[in-house]
Amino acid sequence: KDQLALINQFTRRTFTADELYVGQLRLANNAIDRDNERFSEEVLQRFAETAVRKTMLFDHNRDSQSGAVGKFFDVEIEKLPLQQAVEETGAHLKLPDGMYEVQFLSPWFYIPKDAVDEKTLVKIDAGIYDFASIGFRAERLAPIMDSEGKVLFWEYHGTGPDTEMLEGSLVYLGAQHGAAVKT
């Protein structure tokens, strides 16, 4: 009931629960990703502040006719001990030295059932459309170096208006380990 009320804030007519497919993604996190980059916790918080009402896409396809499938209506930051996060996601999650808590940007989405073919929803349920990826912009990307000046990884920073979540996509495989459909 509460989720339906949140969703219907963004619709032009009132939708019923039977008309919608609702789920949650783990869209981004603070671990070092496949591109040797990570989101700082401040950036994840800023993404959470800007996630609601953004569009859910397939494959970062920003063509509104074919790529847009849903909308994000609520969001949370999940905080899990590293070992629990690894167990829940089955992913290789690597945090910087001295960090032991994985933070996930976990937005809730809805997809109108009549807007996609039923096979698409079945593929989400079957785990075929499983991985997720965030479209974003951030104020800066800074190198994090060891004591000898070697770059260990790159880290996104920013809390202002130039840092925001732009969209979230279902993809074949995203840069972020553990970014996937949660529910």
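What you're looking at is a predicted model, where local features need pLDDT of at least 70, side-chain atom pairs count only at pLDDT 80 or more, and totals for chains, interfaces and linings use all residues. Residues are numbered from 1 along each chain as its sequence is written, and side-chain values use heavy atoms, with hydrogens and water left out.

Let's start with Q24, which you'll find in strand β1, residues 20-26. Helices (H or I, at least four residues) and strands (E, at least two) are DSSP runs, numbered from the N terminus. Q24 counts as buried because its relative accessibility is 2%; buried means under 20% relative accessible area, exposed over 50%, and partly exposed in between, using a 1.4 Å probe and protein chains only.

So who are the neighbours of Q24? Leaving aside residues up to four places away in sequence, Q24 touches E76, S106, P107, W108, F109, V181, K182 and T183, where contact means heavy atoms within 4.5 Å. Take S106: its backbone oxygen lies 3.1 Å from a polar atom of the Q24 side chain.

Now have a look at strand β6, residues 101-112. Of its 12 residues, 11 are buried, so β6 is largely enclosed by the rest of the structure. Strands β1 and β6 pair in the antiparallel sense over 5 bridges; two strands pair if DSSP finds at least two bridges between them.

Strand β5 (residues 68-81) runs antiparallel to β6, with 10 bridges joining them, and K79 has Q103 in β6 as its bridge partner. Strand β2 (residues 28-29) is also antiparallel to β6, joined by 2 bridges, and here N29 stands opposite F104.

Next, find the open sheet of 3 strands, ordered β3-β9-β8 with mixed pairing. Its edges are β3 (37-39) and β8 (140-145), each with a single partner strand, so one side of each is left without a neighbour in the sheet. From one strand to the next, the twist averages 30°. Strand β8 pairs with β9 (residues 151-157) in the antiparallel sense over 6 bridges, and L141 has Y156 in β9 as its bridge partner.

Finally, helix α2 (residues 41-51) lies across β3 and β9, running at about 55° to β3. For angles like this, axes are lines fitted to C-alpha atoms, for helices over the stretch in contact, and angles run from 0 to 180 degrees between N-to-C directions.

Methods:
Polar contact = N/O pair within 3.5 Å; in protein donor to acceptor, adjacent residues only side chain to side chain.
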